[in-house]
Amino acid sequence: MRKKGLTTSSIGSKVVMVTITRKRAKLSDSRKIRMTRQRQVILEAIREVDCHPTADEVYEIVRQRLPHISLGTVYRNLEILSEEGLTQKLALGGPQKRFDGDTKKHYHVRCICCGRVDDVPMEPLTSVEDALRGVSDYEITGHSLEFLGLCPHCKKNTYDTGRGGDENA
Ligand SMILES: [Zn+2]
Ligand SMILES: [Zn+2]
C-alpha cells in the first residue's frame, strides 16, 4: 500500500498536507494520480459534504450519480485518494473510518453518543511536539488529537430525558 514513484519518508504525509493546504487544490495541480470518472465523483462527493462521511455514506452519495458502482470500488478508491493526499482518512475512534475533503491539518470533535464528527475551530498545536524533543528517544513527526463530547442534538436529548451519553468510546 505504499505510494508508487514518490520519495516520501515517514514525514511525507505531512508535506503532502501542507502543499495541498492551498484551499482544496484543484485536481489538476494535485498529483499525477489517474483521475478516473469514478474517482472524480467520489472525490467531489467527499468535498461537497461537511460531515466527514464514512465509506458507506460516500457510497450512498456516489450511487446517485453512478448507479452501477460497487461498494468495493468506492472503498478501493477512497484508499487511493487518501494515499495520494487528496482526501484525509481520519484516525479517529469509533467503529468506522471517516473521510475528510479538507486535507489540511485540523482537529475534530466526536460525539460519544451518535458518532457525529465536526471540525473544531482551533489551530494545530505544533508546540506539543516541541515539548517532546530531546525528551523522547523518538523523532517526533506529528501528533493526533481527538476531542470527545456531546453534539448539540444529543446534548439536548440528554437533558430532555435526563440520561444517556456516558458510553465511553
Ligand atoms: Zn450526537
Ligand atoms: Zn474535518
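Residues are numbered from 1 along each chain as the sequence is written, and chains are lettered from A and ligands numbered from 1 in the order in which they are written. Because the model is predicted, local features need pLDDT of at least 70 and side-chain atom pairs count only at pLDDT 80 or more, while totals for chains, interfaces and linings use all residues.

Helices (H or I, at least four residues) and strands (E, at least two) are DSSP runs, numbered from the N terminus. Two strands pair if DSSP finds at least two bridges between them. Strand 3 (residues 108-111) runs antiparallel to strand 4 (residues 117-119), and three bridges join them. Within this pair, Arg110 stands opposite Val117. Phe147 in strand 5 is the bridge partner of Val109.

Next come the helices. Helix 4 (residues 71-83) and helix 2 (residues 37-48) have axes that come within 10 Å and cross at roughly 75°. Axes are lines fitted to C-alpha atoms, for helices over the stretch in contact, and angles run from 0 to 180 degrees between N-to-C directions. Helix 2 contributes Gln38, Arg39, Ile42 and Leu43 to the contact, and helix 4 contributes Thr73, Val74, Asn77, Leu78 and Leu81. Residues are in contact if their C-beta atoms, placed from the backbone, lie within 7 Å.

Helix 4 has 13 residues and reaches 19 Å from its first C-alpha to its last, close to the 18 Å expected (1.5 Å times one less than the number of residues). Its buried residues are Val74, Asn77, Leu78, Leu81 and Glu83. A residue is buried if 20 or more other C-beta atoms lie within 10 Å of its own, exposed if 12 or fewer, and partly exposed in between, with C-beta atoms placed from the backbone. The buried residues of helix 4 pack against helix 2, helix 3 (55-63) and strand 2 (98-100). After helix 4 comes Gly85, whose phi is positive, near 80°.

Pro124 is in the loop between strand 4 and helix 5 (127-130). Pro124 counts as partly exposed because it has 14 C-beta neighbours inside 10 Å.

How values were computed:
Two residues are in contact if their C-beta atoms, placed from the backbone, lie within 7 Å.
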